[in-house]
Amino acid sequence: MIHAKRWTLKKHFVGNPTNSDFELKTAELPPLKNREVLLEALFLTGDPYMRVAAKRLKEGDTMMGQQVARSVESKNTALPTGTIVLAPSGWTAHSIADRKNLEKLPTEWPDTVPLSLALGTVSMTGLTAYFGLLDICGVKGGETVMVNAAAGAVGSVLGQITKLKGCKVVGAVGSDKKTAYLKKLGSDKKASRDGYNCYFDNVSGWFSNTVISQMKKFGRIAICGAWCGCTRPLPPGPTPEIVIYQELHMEGFIVTCWPGDAHQKALKDLLKWVSEAPRFIKQVLRDLQRDLDSHTIIVGETSTPNCRY
């Protein structure tokens, strides 16, 4: 019989999440039924979106989230023991699942690429950067792109894709440490006096109002997040005259809008770039049980979305 450790939401967040908002519990798992597998977590994800999404949880529920897991016992021939999958099991060390909602890692996954990247660069955060930049903004070679929260899980990938596409990227961050990190990724150092063709917005607020006023004619804006609104009321948006007379295109999006073939193509591109492009830096892993810093994981004070169990 397996006793599974799981991290639960002890109480809903008031202000920034703290360790006291979570509680580690142990639950006994039942025997497997036909077509089920027992999964052991290898990596768990902690992402800023959880701060908002956790409002939908009841106190005592297991924290949501994806994990890279290994099948350690199986009664499903499609998922034999040893199979590596992505599973929406949340913050738990072991879980039982059938094939539904499980996704096998691509067969071409290289041994040289850490499995943790299946929760970051080659997963939701990488896909968000990919589709926001290439589909929503439709970036073209030689253009100038602005991205805020540029050292974050999405922003750091977006900056690297921008450079791979032959564009200039200006990344905005909030500390010298993050600035140094961007230099490793090849970000351009100075703001553009000529304005921006594309703007990828993770933050909103006054920063966005300023950037939008500097957009070039026919500029494209992908709105991914509104992080500023998590800690303070958002100010009024940009004046309509700027959007109208600059003929700007603004579009909010959710990464799940690209299923099927588009999703698979994007994953293959990201995996190829991670394998071959020298500037795609592999993210650092954290030990979740030893260093469960909820502020770091959920509030976004780190450039890596992945936590190792």
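Author: In this predicted model, a strand is a DSSP run of at least two E residues, and such runs are numbered from the N terminus. Phenylalanine 218 has its place in one of them, strand E11.

Reader: What makes E11 a partner of strand E10, and in which sense do the two run?

Author: Two strands pair if DSSP finds at least two bridges between them. Strand E10 (residues 196-201) and strand E11 (residues 215-223) are joined by five bridges, so they meet that condition, and they run parallel. Phenylalanine 218 and cysteine 198 are 20 residues apart along the chain, and their C-alpha atoms are separated by 9.3 Å.

Reader: Which residues does phenylalanine 218 touch, leaving aside those up to four places away in sequence?

Author: With that exclusion, phenylalanine 218 touches Gln246 and Glu247, where contact means heavy atoms within 4.5 Å.

Reader: What makes E9 and strand E12 the edge strands of their sheet?

Author: The sheet is an open one of five strands in the order E9-E8-E10-E11-E12, with parallel pairing. E9 and strand E12 (249-252) each pair on one side only, and that is what makes them the edges. On average, neighbouring strands of this sheet are turned by 15 degrees against each other, direction ignored.

Reader: How do you know that strand E4 pairs with strand E3, and what is the sense of that pairing?

Author: Seven bridges join strand E3 (residues 37-45) to strand E4 (residues 67-74), and the two run antiparallel; the requirement is at least two bridges, so they count as paired. Leucine 38, for example, has glutamate 73 of E4 as its bridge partner. E4 also pairs with strand E5 (residues 84-87), in the antiparallel sense and over four bridges, and there alanine 69 stands opposite valine 85 of E5.

Reader: Why is H2 called roughly perpendicular to H7?

Author: Helix H2 (residues 124-136) and helix H7 (residues 260-276) pack at an angle of about 105 degrees, with their axes 10 Å apart. Angles of 65 to 115 degrees count as roughly perpendicular, and the value for this pair therefore makes H2 roughly perpendicular to H7. The contact includes Tyr130 and Phe131 of H2, and Leu270 and Trp273 of H7. By class, nine nonpolar, two polar and two charged residues take part in the contact of H2 with H7.

Reader: How many cavities of 30 Å³ or more are there, and what makes such a space a cavity?

Author: The count comes to two cavities of 30 Å³ or more. A space is called a cavity because a 1.4 Å probe fits there but cannot get out. The largest cavity holds about 70 Å³ of space. It is lined by 13 residues, of which Gly159, Gln160, Val169, Leu182 and Ser187 are the closest to its centre.

Reader: Which elements give two or more residues to the lining of the largest cavity?

Author: They are helix H3 (153-164), strand E9 (168-172) and helix H4 (176-185), and H3 gives the most, with five residues.

Key
Residues numbered from 1 in each chain as written. Predicted model: local features only at pLDDT ≥ 70, side-chain atom pairs only at ≥ 80, totals over all residues. Heavy atoms only, no water. 1 Å grid on protein atoms, 1.4 Å probe; cavity = no way out; pocket = protein on both sides within 12 Å on 5 of 7 lines; lining within 4 Å. Points joined across faces, edges and corners; volume = space filled by probe spheres on them. Axes fitted to C-alpha atoms, helices over the stretch in contact; angles between N-to-C directions. Parallel < 35°, antiparallel > 145°, perpendicular 65-115°, else oblique. Nonpolar A, V, L, I, M, F, W, Y, C, P; charged D, E, K, R; others polar.
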